[in-house]
Amino acid sequence: MSSSRLVAGSGSMRSGRGSEPKREQDATDKDQLEEQCRYCFDVILSHFFRTALPSPRFPGGHFPLFVTWNKVDSRGNLVLRGCIGNLSGIDLHQGIVKYANASAFDDRRFSPVSLQEVRALECSVTLLHNFEKAEHYLDWTIGRHGLIIEFEALRGSVLSATFLPSVCEEQGWSQQECIDSLIRKAGFKGSIDSGLRSSLSVTRYQGCKASVDYARYRRDRVGENMWNSAWNRV
């Protein structure tokens, strides 16, 4: 997939699959992943208040990655507000900036995130690795693997979609329920049966993920003396 194309995290994939990333080990450590999440908040606050974006404080590298924004609703549940990323890899520093903005403001499934919502946000960053062809549509493990499916629909059109490794477990789906939901996410509206499932081309992959909510982000940035006073109006 070209790094200039966007992929919605629970929507249809628009291009080819990624390859094994050129890893810098530190970038996948929990502390560094959490710093990437904090930097996503830096990105959107710099957007809202038109302030200079600080330099990143996490290691570089080249990764397929996704940035996800969730919002805490009135019942305390996390509700998806945007998720966009890339399956073929991008410079990590550039990718975090690009997809923090894109997932917050350009996910067509949702209205753009507003300043009034920022206090209720949680950001997650997932770095992807170990892409491999599955032997069949159930050749993957819930909670470990993300999925890319491709299949031929009516009139020869090819449909495709992806779910990140956390999606199936978070939704409480069985493997078949996850596959069927992914087929729907790809845009297929016909009948789903064993023949269709068996015809799928499935790629599985793994991910390293961390999440940081706004309260922790602000507390950490204040403690590090990295909080911009222009952001006090959040």
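What covers the buried residues of α6? The cover includes α1 (30-49), β4 (121-133) and β7 (201-213). This is a predicted model.

**Helix α6**

- Helix α6 spans residues 214-223. Its buried residues are Tyr-214, Tyr-217, Asp-220 and Arg-221.
- Viewed down the axis of α6, these buried residues fall within an arc of 130 degrees, so they line one face of the helix.
- An α-helix has 3.6 residues a turn, so residues three or four places apart point the same way.
- Arg-219 and Gly-223 are exposed. Both sit on the face of α6 turned away from its buried side.
- Asn-225 follows α6. The phi of Asn-225 is positive, near 60 degrees.

**The cavity**

- Rolling a probe the size of a water molecule over the atoms shows where empty space is left.
- Searching the whole structure for cavities of 30 Å³ or more finds 1.
- The largest cavity holds about 30 Å³ of space.
- Trp-140, His-145, Gly-146, Leu-147, Phe-163, Leu-164, Pro-165, Val-167, Cys-168 and Cys-178 line the largest cavity.
- Two or more lining residues come from each of β5 (146-152) and α3 (167-171).
- By class, the lining has 8 nonpolar and 2 polar residues.

Methods. Residues numbered from 1 in each chain as written. Predicted model: local features only at pLDDT ≥ 70, side-chain atom pairs only at ≥ 80, totals over all residues. Heavy atoms only, no water. Buried < 20%, exposed > 50% of the residue type's maximum accessible area, 1.4 Å probe, protein only. Helix = DSSP H or I, 4+ residues; strand = E, 2+ residues; numbered from the N terminus. Arc of directions from axis to C-beta. Contact = heavy atoms within 4.5 Å. 1 Å grid on protein atoms, 1.4 Å probe; cavity = no way out; pocket = protein on both sides within 12 Å on 5 of 7 lines; lining within 4 Å. Points joined across faces, edges and corners; volume = space filled by probe spheres on them. Nonpolar A, V, L, I, M, F, W, Y, C, P; charged D, E, K, R; others polar.
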